[in-house]
Amino acid sequence: MENVEIARVLNEYANLLDIQGDSPFRVRAYRNAAQTVASLSQPVAQLIEAGEDLQQLPGIGSSMAEHLQEIVETGTLSRLEEVRRALPSTLTELMQLEHLGPKKARQLHDALGITSVSELAAAIDAGKVEALPGFGKKSAANLRHAIDAFERRSRRFLLADADQFVRPLLRHLRQAPGIVELEVAGSYRRRQETVGDIDILAVCEDPHPVMQHFQAYREVDRIEMAGPTRGTVILRSGLQVDLRIVPRRSYGAALHYFIGSKAHNVAVRQLGVERGLRINEYGIFRVPKGKKADDLGTEEGERIGGEREEDVFRAVGLVWIPPELREDRGEIQAAQEGRLPHLITLDDIRGDLQMHSTWSDGAHTIEEMARACQERGYEYCAITDHSQSTRVAGGLDAERFRKQWEEIEEIRQRLDGIVLLKGVELDILPDGSLALPDDMLEQFDIVLIAVHSQLDMPRARMTRRVLKALSHPAVDILAHPTGRQIRKRAPVDIDLEEVFHAAKECDVALELDAQPERLDLNDVHLHRARELGVKVAIDSDAHSIEHLRFMSYGIDQARRGWLERQQVVNTLPWPKFRRCLGRRRA
Ligand SMILES: [Zn+2]
């Protein structure tokens with residue numbers, strides 16, 4: 001059992017005692033103990049195992065030491081279970097709200113039967129809370145704000161949003177005195193599309209000034225925990241950040257441990273066990289003959305590595321595996337067989353094939369978009385404004401497209417060194433036909449198709465609809481194939497396996513739309529597309545110059561999907577890509 005979990009039990013008990021109106025001294029004793037446990041660098045379970053005297057720890061007396069023992073052995077505290085019978089444990093959630101102390105939490109529970117933050121929100125919205133004695137309109141409104149803040153904190157962040165908070169924090173931390181190494185671990189490092197808490201690992205000369213520097217960061221809203229080598233803060237954005245300072249000898253092992261994923265780590269540790277090794281966050285150790293790994297202290301046995309992440313992999317006969325692959329989706333076997341993919345990088349991208357201009361719902365002119373693409377070093381870019389029947393504002397009809405082509409021709413005269421393609425993001429109509437006539441479609445350089453209406457169609461019909469559209473000879477790319485928007489809109493119900501096969505047969509590329517809230521196709525789909533040999537186009541779907549940088553999130557997701565340069569059409573240099581566009585119209 002991890003220290004954080006032990007601390008959670010103690011904190012929950014303290015909160016419930018508090019709500020019950022128990023003695024403030026008892027409540028504080030449990031809170032202090034939780035604080036002590038959370039900031040320990042060594043697991044309590046190991047201290048107990050090693051027969052250490054827990055009463056040496058600050059704020060731990062003899063009965064608290066017994067409680068710790070009980071939690072480690074049973075996973076909980078019998079007295080906590082007792083209190084839980086009288087008060088629901090979700091009630092302690094209320095105490096994480098600003099302006100809400102234990103007395104009021106109790107009052108809300110007794111008067112209105114409220115047991116959770118969501119129930120409280122509903123009661124406030126129904127006007128029940130302001131009517132309670134001692135509350136009133138103003139404090140009900142304050143609570144509503146506190147709930148919004150709580151929900152912001154507890155949700156996961158889009159990776160791109162987290163980046164905006166993490167990058168400046170890292171710049172700040174790099175200026176801490178005596179920093180030797182600094183890196184973010186966790187799902188952020190694996191570039192997962194959404195991330196929860198941020199885990200940062202550091203090596204430094206002296207932990208104390210580094211922790212001080214961390215806590216003094218101007219965006220820190222509050223300090224949750226401040227141990228000697230571990231600190232937790234909540235940023236004003238609601239993002240929780242943990243900083244762990246580890247010894248240099250353990251840095252690589254800790255990095256591997258905290259990057260995860262859990263499933264990947266379990267598999268690697270198992271390989272270690274088969275070799276008589278123990279791999280943990282402190283290093284890699286040879287288990288002494290006649291001893292069991294479970295009986296050893298954290299750093300017992302001959303240390304054979306841990307300073308670098310490669311040490312962990314080498315110890316179990318593997319090459320270093322990129323973090324984006326560490327999901328236990330076959331990466332370990334691939335590493336064993338020497339067939340890890342050569343993952344695509346941002347530098348491989350030669351062009352961007354979906355973007356919008358002021359002709360439809362974009363913020364910048366065609367020329368501005370093209371020049372911005374050139375600045376990014378692209379060889380080509382496609383302007384793909386929406387066709388008219390779409391529900392997106394300002395879609396173009398045939399006549400407007402002809403006007404747009406005139407402008408594109410004009411801009412081409414002025415551009416040098418980048419190819420500007422006449423493209424379209426064309427609606428797939430409910431019956432699978434396309435929203436512009438064939439004689440029009442032939443005149444585009446590149447045609448993207450997408451479903452934008454009747455998204456709730458049943459699976460069989462939706463699949464038929466898209467398959468029919470794919471078979472049209474003018475089509476180059478199926479854009480954002482599932483239509484999902486992370487946390488906003490569910491994917492359409494469609495048989496992707498059939499779509500993959502059809503796309504391959506029709507030689508149509510499937511898009512990885514790199515908008516951070518789309519990332520569509522996702523990592524798992526991309527992995528499957530790769531297996532089937534389906535081509536992929538990674539597009540920013542930019543609606544402004546600033547959005548062109550979304551390409552990097554597409555690359556992150558592509559790497560998670562094992563994609564290599566060869567699977568991605570817009571890594572082709574222009575002369576090759578041009579042939580690939582011309583192939584079906586010829
Ligand atoms: Zn679209």
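## Basis of the values

The model is predicted, and local features need pLDDT of at least 70, side-chain atom pairs count only at pLDDT 80 or more, and totals for chains, interfaces and linings use all residues. Residues are numbered from 1 along each chain as its sequence is written, and side-chain values use heavy atoms, with hydrogens and water left out.

Helices (H or I, at least four residues) and strands (E, at least two) are DSSP runs, numbered from the N terminus. Buried means under 20% relative accessible area, exposed over 50%, and partly exposed in between, with a 1.4 Å probe and protein chains only.

## Helix H1

Helix H1 covers residues 3-20, 18 residues in total. From first C-alpha to last, H1 reaches 26 Å, close to the expected 26 Å at 1.5 Å a residue. That expected span is 1.5 Å times one less than the number of residues.

H1 is mostly covered, with 13 of its 18 residues buried. Just after H1 comes Gly21, with a positive phi of about 85°.

## The E8-E9-E10 sheet

Three strands form an open, antiparallel sheet in the order E8-E9-E10. Strands E8 (277-280) and E10 (302-305) are the edges, and each pairs on one side only. Neighbouring strands are turned by 35° against each other on average, direction ignored. Axes here are lines fitted to C-alpha atoms, for helices over the stretch in contact; angles run from 0 to 180 degrees between N-to-C directions.

Two strands pair if DSSP finds at least two bridges between them. E8 and E9 (residues 283-286) pair over four bridges in the antiparallel sense. Leu277 stands opposite Arg286 in E9.

## Strand E13 and its partners

Strand E13 (residues 419-427) is mostly covered: eight of its nine residues are buried. E13 pairs in the parallel sense with E12 (residues 380-383) over four bridges. Cys381 stands opposite Leu420 in E13.

Five bridges join E13 to E14 (residues 446-450), and these two strands run parallel. Here Leu426 stands opposite Ile449 in E14.

## Zinc site

Which residues coordinate the zinc ion? They are Glu425 (OE), His452 (NE2) and His480 (NE2), at 1.8 to 2.3 Å. Donors are N, O and S atoms within 2.8 Å of the metal (3.2 Å for Na, K and Ca); water is not among the atoms, so sites may look incomplete.

The donor spacing in sequence is E-x26-H-x27-H. His452 lies in the loop between E14 and helix H20 (459-470), and His480 in the loop between strand E15 (477-478) and helix H21 (496-506). The two histidines are 28 residues apart and link distant parts of the chain. Both His452 and His480 are buried.
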